[in-house]
Amino acid sequence: MSAELDYKAVRYWDDVDVDDPLPGFSMPLDWTTMALQVHGSQDWSRIHHDPDYARDSGHDDIFYNTGWTAGMLGRALTDWAGLEGWVCKLSFQMRGMNMNGDTVSSKGVVTDKYVDDDGQHLVAVDVWLENERVGKTTPAKAVIRLPARTA
Amino acid sequence: MTMHPDDFDLDAIREEWIGKIVSRNQGRFPVEYDPIRRHCHMTGDSNPLFTDPVFAKEEGPYGEVIVPPSLLPIYFSSKGPWPKAPKPKSDGEKKKSKRPFFTLGVPTPGDRGINMGTEWEYFAPIRIGDRLRSEQAITDIFMKPIKLDNKAVWIVSEMSFINQDDTRVAVWRNTTLVHRSPKQIAADEEQFAKGSEAA
């Protein structure tokens, strides 16, 4: 898990640079996190909690679901965006699987900053999940609106 | 219910299904604290904008706990996962779909699903107490082989979320692939071999 965050802190668009990292966080996956995944997402598809069913479907084991994946990516974004940041867009591809026994990290980096036609101060971010077994499992892109000191 | 891949007519399926509204739902419950708290618990997210009503009201910019951008608003714009909502009488006359929910009713050779990609846009905060409704349409259907199944079908859909003030607060675009299990592939190949022998 990450160090204690100051959730009252405001991140300003002016203070962000391209290539700035998003610190993110890591989580080891076990049967408890599997149960929390089902509990939190209310996704009872057996492929995410029933190893026999997952193997019958042709997979090595159960894998973590979309709701959990989004939660991992979303937390890295909102932890970084601060009190007044707003996640405008989030997209991701499920290219690899996260399974029990993996330690999954949610990380990111700033790829662009700009002001759009509506005067919004925006930051583009690449964010992803990775584990030591397969590398990047879930590449994602997000756009975050931040307050500007100069606005 | 599945079909043999030889009976799957992609052009006809696309003609029938692309652009079709496959669901319109009014949320049975308002946006509530506990589903948000459970969503955050999954990933250890203790952000008080999502988990602390006092902080959200007194120090947050939205005046109330809001739905995090990673929690799909469909949770609050549908009948809810459990308990089952009572069915209107007219539903009894409808033919119940035997297709897995993730196919959105689209006929496919397989009945196993994997979510492949998703995209959300958030236009306005969704606060505790909001009432949401949704509308979902199919936007694309195509075939693209995967290692598990060379007859996998990909289904793309878009769902809009609207609050009690008729404000469109979010949109969700999703891509699901539907594939056959190894057992079904073996059965389909056996059926094909028998058909070839008979011919």
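Chain B has five helices and five strands. Helices here are DSSP runs of H or I with at least four residues, strands are E runs of at least two, and both are numbered from the N terminus. Along the sequence, chain B reads α-β-α-α-α-β-β-β-β-α.

A word on the source. This is a predicted model, where local features need pLDDT of at least 70, side-chain atom pairs count only at pLDDT 80 or more, and totals for chains, interfaces and linings use all residues. Residues are numbered from 1 along each chain as its sequence is written, while chains are lettered from A and ligands numbered from 1 in the order in which they are written.

Now the overall form of chain B. Its C-alpha atoms fill a box of roughly 75 × 40 × 30 Å along the principal axes. The radius of gyration is 21 Å, whereas a compact globule of 199 residues would have one near 16 Å. That radius is taken over C-alpha atoms, and the globule rule is 2.2 Å times the number of residues to the power 0.38.

How much of chain B is buried? The share is 33% of its 199 residues. Buried means 20 or more other C-beta atoms within 10 Å of the residue's own; exposed means 12 or fewer; partly exposed is in between; and C-beta atoms are placed from the backbone.

Two elements of chain B are hardly covered. Take strand E1, residues 21–26: of its six residues, the count of buried ones is zero. E1(B) still has a partner. Five bridges join it to strand E3 of chain B, residues 133–143, and the two run antiparallel. Strands pair if DSSP finds at least two bridges between them. Within this pairing, B:Ile21 has B:Ala137 as its bridge partner.

The other is helix H5, residues 182–198. One of the 17 residues of H5(B) is buried. Its length fits the rule: at 1.5 Å a residue, H5(B) should span 24 Å, and its end C-alpha atoms are 24 Å apart. The expected span is 1.5 Å times one less than the number of residues.

One backbone detail in chain B. B:Asp166 is not a glycine, yet its phi is positive, about 65°. Where does B:Asp166 lie? In the loop between strand E4 (153–162) and strand E5 (168–179) of chain B. B:Asp166 counts as exposed because it has 7 C-beta neighbours inside 10 Å.

On to chain A. There are three helices and five strands, in the order β-α-α-α-β-β-β-β. The C-alpha trace spans about 55 × 30 × 25 Å along its principal axes. Of the 151 residues in chain A, 40% are buried.

Chain A has a positive phi too. It belongs to A:Asp19, a residue other than glycine, and is near 80°. A:Asp19 sits in the segment before strand E1 (21–28) of chain A. Why does A:Asp19 count as exposed? Because it has 7 C-beta neighbours inside 10 Å.

A:Asp50 is partly exposed, with 14 other C-beta atoms within 10 Å. Its place is the loop between helix H1 (31–41) and helix H2 (51–56) of chain A. From A:Asp50 to A:Lys89 is 39 residues along the chain, and their C-alpha atoms are separated by 32 Å.

Next, the cores. A nonpolar core is a set of buried Ala, Val, Leu, Ile, Met, Phe, Trp, Tyr and Cys residues joined through C-beta atoms within 7 Å. The largest has 55 residues, and A:Leu73, A:Leu77 and A:Ala142 are among those with the most contacts inside it. Helix H3 of chain A, residues 66–81, gives the largest share of this core, eight residues. A:Ala142 touches residues including A:Leu77, A:Val87 and A:Lys89, leaving out those up to four places away in sequence. Apart from that core lies another of 13 residues, among them B:Leu104 and B:Ile141.

Last, how the chains meet. In chain B, 28 residues are in contact with 34 residues of chain A. Contact means that the C-beta atoms, placed from the backbone, lie within 7 Å. Which element of chain B gives the most to the side that touches chain A? E2(B), with nine residues. E2(B) covers residues 112–122, and helix H2 (33–43) of chain B also supplies at least two.

Strand E2 of chain A, residues 86–93, pairs with E2(B) in the antiparallel sense over five bridges. There, A:Leu90 stands opposite B:Trp120.

Terms used: Two residues are in contact if their C-beta atoms, placed from the backbone, lie within 7 Å.
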